[in-house]
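Good morning, and thank you for coming.

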Amino acid sequence: MTLTGTIAYTIRARRRSQTLARLMRNPLAAPALVTMAAIVLLVALADILAPLDPDATDLVNSLAAPSWQHPMGTDGIGRDIWSRILHGGQITLLGALLVLTIAVVIGLTAGLTAGYYGKWLDAAASWGTSLTLALPVMIVLLAARAAFGPNLFAIMGIFGLLIAPSVYLLVRNSVRGVRNELYVDAARVSGLSDARILSRHILAAVRAPLIIQAMFVASVAIGVQAALDFLGLGTSTGPTWGGMLSEGFSQVYKAPQLLFWPALILGLMTASLLVLGNALRDTVEDRPRAARRHRKGSAQDSVRSSDGGVPASGPGSTPSSVPADVLLAVDGVSLTYNTPRDGIREIVHDVSLAVRRGKVLGLVGESGSGKTQLAFSILGLLPEPARITGGRVILDGTDLLTLSPMQRRRSRIGGVAYIPQEPMANLDPCFTIGDQLTEPLRVARGMSRAEAKRTAEDLLSAVSIVDPEATMRRYPHEISGGMAQRVLIAAALSLDPKLLIADEPTTALDVTVQSGVLALLRRLQRERGLAVLLVTHDLGVAAELCDDIAVLRNGRIVESGSVEDVFYRPSAEYTRDLLASIFADAPPRPDLIEPASGGNA
Amino acid sequence: MVTFIIRRLISGVLLLGAATASVFFFMHASGTNVARAVLGTNASLEQVEAKAAELGLDRPLIVQYVDWLTGVLTGDMGDSYTKSQSVSDLVLSRASVTLSLVIVTVLVTTVIAVVVGMVSARNRGWIDQVLQGGAVLGTALPGFWIALVLVTIFAVNLKWFPATGYVAFAKDPAGWAMSLALPVAALAVAGVSGVAMQVRSAVIELGQREFVRTLVSHGLPPRRILFRHILRNAASPALVIVSLQFVGMLSGAVVVEQIFSMPGLGRLAVSSTTTSDIPVVMGIVTFMVTTVIIVNLVVDLLAAWLNPKVRLR
């Protein structure tokens, strides 16, 4: 074994033992595992643990209460229930094992080949899958029973075939997922055979989901088998759990206790399998349970909590100290993230900045510097694990952080509006553009349907969309990215805002479309006298559009001032580095001219 | 759209052909003597042979299947071997029981699952934990197991509901509801668990989507965002699970009808398979597969209507 091979092996082994340890930390996993193992063990050792013949009748001792000789009592014709439960499990568990084997062998083979090689094999397997999914399983099993007679293993074999598609689909989709991963490509390029790639790389990826699915299949198989036995269509020899339930049910008025033991063991077995499978899934998917407890606080809660408790930072910073020409003052805002992996981490530290009325402030910095999170805290759109721990966000004399959720929602009209980064992801795919544009107008601004429609069309014209009426009828997936961004700008304008926060508004767009959208933003800003907070990592864009610049690094403002001061006379080392890194080898940027045919953008 | 429906109908017909053919050959090729099974063990050899000739069982299998198929295409599904009734009369008279059971179950399942899924997604904490645990159990425990427990508690001990029987809706709506309550509850548990967890994860996942954040920024009330936007987006994947559950419920109905002595297709299937009444079994298979195909088609159309981005292929 090579050195790297050894290391890889060790890492894998360690990861496996970690998975096991994490699994055992799940409060339900250990009891489920113990229950399952205990039942399997009891059933396997039935001959030793329950020496009484499960079929020996003793009419004198019928329906006996539990005793030393009969730990669970006897049934209606005096047979020992303990012995029948243990021996009855053997056929049930073996039948389930058969189902599992067939389903896994067929599902895995078909899934690996269809997923890896694709093409007609995939199509054929998919058709076979939809065929079996449309069949009412029980009817087919009944037909099988009529065909093969009381041959339990034949029936369970057919059930294995019927349930194999669930394994197949899982394996196929997992293989599809990893097939084009780089490491599989690398393995292929380095000349490994398909069989080796399949067994070594791809099988590793499907192992965990396969185990989970297997537990599910086993649980279902036990249930189906018991159901067949209950109907009297299973095996005709010896006791089974389903058969015992049937016998108990026929005497439910006389001796309901007969139902108890088979129902209990059947319930425990199927439930423990599924609980274990679920716990395993939680572990593999790394969903730490502890994290949920901290999730209660929403963004709104955190806003409220900063109301009284946290003192505003910065001496003497009261609303009155905000200069008259400042529309939005961010004053000493700090922000933490609570993630299960890292615990509580502060990512924005005591940040202050000011957006002047009718001016554009550029918030620049590398990705990960906290720009977007700062923007979201101004907008009141922070995701759940984030929390504002201090500071104030003062818009026109009102501290937005002290508003109740309801007041906050109302304040969005004529307040701060948001232009997102990824236009396509920010439109609801289920509704037309018209629906989405008129909804805030009607709901938040109380317009009538006709009024809202007219306003929305005007807004679309304002963002240089050529045919507003046709656009209103389209769904988001029917328009281009540039068009979608114009729609989102129109939606932001529909709130009649004083301040626009645009978070990298052109990053996700084609280069050819970018300049058009930027020019549109500048035109709107000038025409409407809007204040804009432009979040960007593109210093060229910032230089073109902004009046003021604030440079953010690792959650701290390192420098702020007018665009001339910051870009031509940078005082901070970091700003100089940033500027140098751009102008070193980048081509000069063309001037921003809004194209005449803006509607096509 | 029209091409989609036509393509789905063609594949549905193929599916139906494949399903009926496999069940047909299956039941004949098994080595059990059908005529013997029909007459019972006491019949003499001559009687069995005469019966086989009478039922046409002495002809080649493929001829018998084609014969059956042409019959079906002309609306004649043959007569029962054991009951003096035509298969279509027999199946249709039983279908109303099974369909009311399954359709009511689907409706109940959907409503409860959406509520449970949303509550679970929106109250992360102990409520969510309890509901999730309940869903795992609901998926794990076999439907007939739940039915037995329900009967023992609510019918035998508490006597709140009738333990057995089915009352037609036209005869007595209240009695109909009472007779369906326990069977529906038993059948719905698994479906509710599956669909609720699908709704839950969809609501959680959608709640973190960017478009929801943007809707918040537009000043829309959280309730409106949840009910109008998130639920609409969650509906398509949930519907697919519902349609899968529907197939499972048809299977579950077989056992549940047996437990509650309901005169539905499931009980008919059990009795006709044990007596090798092949025409009746074929009639049931045809009916059930057709129902499944129609339901799947309707669900796909509904999903596409709810989310225009879902392409109909």
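By salt bridge I mean a side-chain nitrogen of Lys or Arg within 4 Å of a carboxyl oxygen of Asp or Glu. In general, side chains of opposite charge can pair when their charged atoms come close.

A word on conventions. This is a predicted model, in which local features need pLDDT of at least 70 and side-chain atom pairs count only at pLDDT 80 or more, while totals for chains, interfaces and linings use all residues. Residues are numbered from 1 along each chain as its sequence is written, chains are lettered from A and ligands numbered from 1 in the order in which they are written, and side-chain values use heavy atoms, with hydrogens and water left out.

How many salt bridges are there between chain B and chain A? The count is 2, and over all chains it comes to 15. There are also 12 residue pairs in polar contact between chain B and chain A, both residues at pLDDT 80 or more. A polar contact is a pair of N or O atoms within 3.5 Å; within protein, one must be able to donate a hydrogen and the other to accept it, and residues adjacent in sequence count only if both atoms are side-chain atoms.

On the side of chain B that touches chain A, the largest share, 14 residues, comes from α10(B). Helices here are DSSP runs of H or I of at least four residues, strands are runs of E of at least two, and both are numbered from the N terminus. By class, that side of chain B divides into 39 nonpolar, 18 polar and 8 charged residues. Ala, Val, Leu, Ile, Met, Phe, Trp, Tyr, Cys and Pro count as nonpolar, Asp, Glu, Lys and Arg as charged, and the others, Gly among them, as polar.

The contact as a whole, meaning heavy atoms within 4.5 Å, takes 65 residues from chain B and 68 from chain A. The buried area is about 6200 Å², with carbon and sulfur atoms giving 71% of it. That area is the accessible area (1.4 Å probe) that the two parts lose on being put together, summed over both.

Turning to chain B itself, we find 12 helices and 0 strands. Its C-alpha trace spans about 85 × 55 × 35 Å along the principal axes.

Within chain B, α10(B) and α11(B) pack at about 90°, their axes 7 Å apart. Axes are lines fitted to C-alpha atoms, for helices over the stretch in contact, and angles run from 0 to 180 degrees between N-to-C directions. These two helices are therefore roughly perpendicular, the term for angles of 65 to 115 degrees. From α10(B), Val254(B), Glu257(B) and Gln258(B) make the contact, and from α11(B), Leu265(B), Gly266(B), Arg267(B) and Val270(B).

Finally, in chain A, Glu247(A) forms a salt bridge with Arg84(A), the closest N and O atoms being 3.4 Å apart. Glu247(A) lies in helix α10 of chain A and Arg84(A) in helix α4 of chain A, so the pair ties together parts that are 163 residues apart in sequence.

Conventions: Parallel < 35°, antiparallel > 145°, perpendicular 65-115°, else oblique.
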